[in-house]
Amino acid sequence: MAQALTRAMRDAMAEDPTVHVMGEDVGTLGGVFRITDGLAKEFGEERCTDTPLAEAGILGAAVGMAMYGLRPVVEMQFDAFAYPAFEQLISHVAKMRNRTRGAMPLPITIRVPYGGGIGGVEHHCDSSEAYYVATPGLHVVTPATVEDAYGLLRASIASDDPVVFLEPKRLYWSKADWRPEAPAAVPGIGKALVRRTGTSATLITYGPSLPVCLEAAEAAREEGWDLEVVDLRSLVPFDEDTVVESVRRTGRAVVVHEAGGFGGPGAEIAARVTERCFHHLEAPVLRVTGFDIPYPPPMLEKHHLPGVDRILDTVARLQWEN
Amino acid sequence: MTVQELPGAGASHRSTQPPAWSPRTDAAPLLPDPEPYRVLGTEAADRLDPELMRRCYAELVRGRRYNAQATALTKQGRLAVYPSTVGQEACEIAAALVLEEQDWLFPSYRDTLAAVARGLDPVQALTLLRGDWHTGYDPREHRIAPLSTPLATQLPHAVGLAHAARLRGDDVVALAMVGDGGTSEGDFHEALNFAAVWQAPVVFLVQNNGFAISVPLAKQTAAPTLAHKAVGYGMPGRLVDGNDVAAMHEVLSEAVRRARAGGGPTLIEAVTYRMEAHTNADDATRYRGDAEVEAWKAHDPVDLLERELTARGIIDEAAIRAVRDDAEAMAAALREGMNADPVVDPTDLFAHVYAEQTDRLREQAAMLRAELEAEGRE
């Protein structure tokens, strides 16, 4: 996936001279995860810029650059390091189009490596998507496959709106060795995809939890469950129709994500599914999420992250006896 | 036990010397002068450009009248709020006048007068404060960024824009305005640091008007002056009398010239005073005394210039009257513009959130339309 992301930026920069990559360590080092590897060498330090270490400054400068017609791609290095930039993100990036009645859109892509499962110490593993999806004016996308990493990042850079591009850190090193069963079309922003068809229940998920859900779906076959898996790919906009169609077909739904459950994206999704599928539902919409705790230390993270067993236990709860 | 007696003390642990170190920049040229730079009432006034000073005078008088009119409009309920710049007009006017057409102004919420002096229609400039929409003008058309309410957050934008313009080979300078309170914000620090590292063509103008709402400068910073902060970032700091429009124009022009020539950013602290309350919602008598306000009244920016120009024969009674008549006409036009009820379009709520409306917003827009239709039927 890492290479797909690099390639997406490289191709975008080659096609469009207004695309600029910026952030801490993105130049000479190629990023701490090497996602920007080679870009400074190929396009020069003016197009792939090592900035001072200051997230508000990075994003704030990107706002000014976008005001002048550039397309900045900003790297935030780690989920929890993006928080100093929240004021810029929420008060300016998300609102500039609205404040200026459409006169000043900001085509900024904000790449945020997020989520756990890599044994990172604290402040390196947050699932911060709930903060972003609660902010009108931002698109929020997250790829789970190598193809989507490329396609979604290209779409994000091409978007005239700001996009928070959440990169699941633990999938950086994933190769295309867990092929989804559904065809992998290059998506635009806002299109979910049924990754696995099934009839018993729908698992609704995204990003780092997709491989876990697909694994759970395989394991569930032994229990006699044929699970459908929907990959949202985009949290804002939320492709309600794809989700609703699936749940109406299967009659049962479980939302799975790493972020905490209370006020997490799953709460919103469960509510919408309930509103639109109430008469099709055989059971309440359930959620499998991270616990409502600060991200745990590496030696405990396996207890926190939704795994196959927790998903299967929850799926079992969908079977109402009466 | 003394340090000399510690085990291992002595020559052995000093067998290596630290690598040679030297400061990267000589700090001395960056330091501001101890006293604010002044022109009016000094020998420097001998070289005033009469043409420019007549223009400044006209703009100052208009600016004073604009402030009075906007404050009156808050009392009539036509403006939700107005942060006055009475006493600070010299800063506002000079900031607008030193910029070329292609340059950009990044105002704070208090700087509507600078935007108006740059040529923006006064009614458009007041849209935010009237409440019909956040920004009443196209920023690109006027090269005036939206008035920024969050403090100092517009400063990194100015840096980014100036940097982008330079990357494109365009001759553009960005002038960013902020108050004394805003210098405590992280974005102020980050913007100055970025600008200096990138050598971006930016001028930072701090209007030190004495108070951040009610908090005096002494509780805001322990720095000798706000201009001193420049040294820490590696840019020159200039201290200037913010009520002296000739000094403001000279110092700002020099900084703009420097930025344009590739010399990088400058931090300018204009020492001025906010004669009125923070906004009409504030009671200034709770945090400052009459004596202080009276002392600043004697140093009024309009009077200062008027006295100097009259003494030098650059303006006379007739010129002053003409300028005042012009300002009255501006105020009348502003009153007329503001007395018309703004037309607000409820569908605007959903029109400019994204380039393409999401299903969610379409649904909500339909809900609002139905509500409006129901209201219409009642």
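Which hand does the crossing of H7(B) and H8(B) have, left-handed or right-handed? The points below take up this question together with the chain interface and some local features of what is a predicted model.

1. The crossing of H7(B) and H8(B) is left-handed. Helix H7 of chain B covers residues 154-167 and helix H8 of chain B covers residues 186-198, and the two pack with their axes 8 Å apart at an angle of about 20 degrees. Because angles under 35 degrees count as roughly parallel, H7(B) is roughly parallel to H8(B). On the side of H7(B) the contact is made by B:Leu155, B:Pro156, B:Val159, B:His163 and B:Arg166, while H8(B) contributes B:Asp187, B:Phe188, B:Ala191, B:Phe194, B:Ala195 and B:Trp198. Sorted by class, these residues are 8 nonpolar, 1 polar and 2 charged.

2. A further helix pair in chain B joins H1 (residues 50-75) and H12 (residues 301-311), which pack at an angle of about 150 degrees with their axes 10 Å apart. The crossing of H1(B) and H12(B) is left-handed. From H1(B) the contact draws on B:Met53, B:Arg54, B:Cys56, B:Tyr57, B:Leu60, B:Val61 and B:Arg64, and from H12(B) on B:Pro301, B:Val302, B:Leu305, B:Glu306 and B:Leu309. The contact of H1(B) with H12(B) comprises 9 nonpolar, no polar and 3 charged residues.

3. In chain A, helix H1 (residues 2-15) and helix H7 (residues 146-158) have axes that come within 8 Å and cross at roughly 30 degrees, and the crossing of H1(A) and H7(A) is right-handed. The residues of H1(A) in this contact are A:Ala4, A:Leu5, A:Arg7, A:Ala8, A:Met9, A:Asp11, A:Ala12 and A:Glu15, and they meet A:Val146, A:Ala149, A:Tyr150, A:Leu153, A:Arg154 and A:Ile157 in H7(A). By class, the contact of H1(A) with H7(A) holds 10 nonpolar, no polar and 4 charged residues.

4. Two of the residues in that contact, A:Glu15 and A:Arg154, also form a salt bridge, in which the closest N and O atoms are 2.7 Å apart. Since A:Glu15 lies in helix H1 of chain A and A:Arg154 in helix H7 of chain A, the pair ties together parts that are 139 residues apart in sequence. Over all chains, the count comes to 45 salt bridges.

5. The contact between the chains takes 48 residues from chain A and 42 residues from chain B. The area buried between chain A and chain B is about 3700 Å², with carbon and sulfur atoms giving 58% of that value. A:Tyr68, A:Arg99 and A:Arg101 supply 22% of the area that chain A buries against chain B, which is more than any other three residues. Across this interface of chain A and chain B there are 3 salt bridges.

6. A:Arg101 deserves a separate check in the model. The side chain of A:Arg101 meets that of B:Asp348 in a salt bridge, at 2.8 Å from N to O. Although A:Arg101 is not a glycine, its phi is positive, at about 50 degrees, and its place is in the loop between helix H5 (96-99) and strand E4 (109-114) of chain A.

7. A further backbone feature concerns the peptide bond from A:Val236 to A:Pro237, which is cis, with omega near -5 degrees. A:Pro237 is placed in the loop between strand E10 (234-236) and helix H9 (240-250) of chain A.

Conventions. Residues numbered from 1 in each chain as written. Chains lettered and ligands numbered in written order. Predicted model: local features only at pLDDT ≥ 70, side-chain atom pairs only at ≥ 80, totals over all residues. Heavy atoms only, no water. Axes fitted to C-alpha atoms, helices over the stretch in contact; angles between N-to-C directions. Helix = DSSP H or I, 4+ residues; strand = E, 2+ residues; numbered from the N terminus. Parallel < 35°, antiparallel > 145°, perpendicular 65-115°, else oblique. Left-handed = near helix turned anticlockwise from the far one by under 90°. Contact = heavy atoms within 4.5 Å. Nonpolar A, V, L, I, M, F, W, Y, C, P; charged D, E, K, R; others polar. Buried area = accessible area lost by both parts, 1.4 Å probe. Salt bridge = Lys/Arg side-chain N within 4 Å of Asp/Glu carboxyl O.
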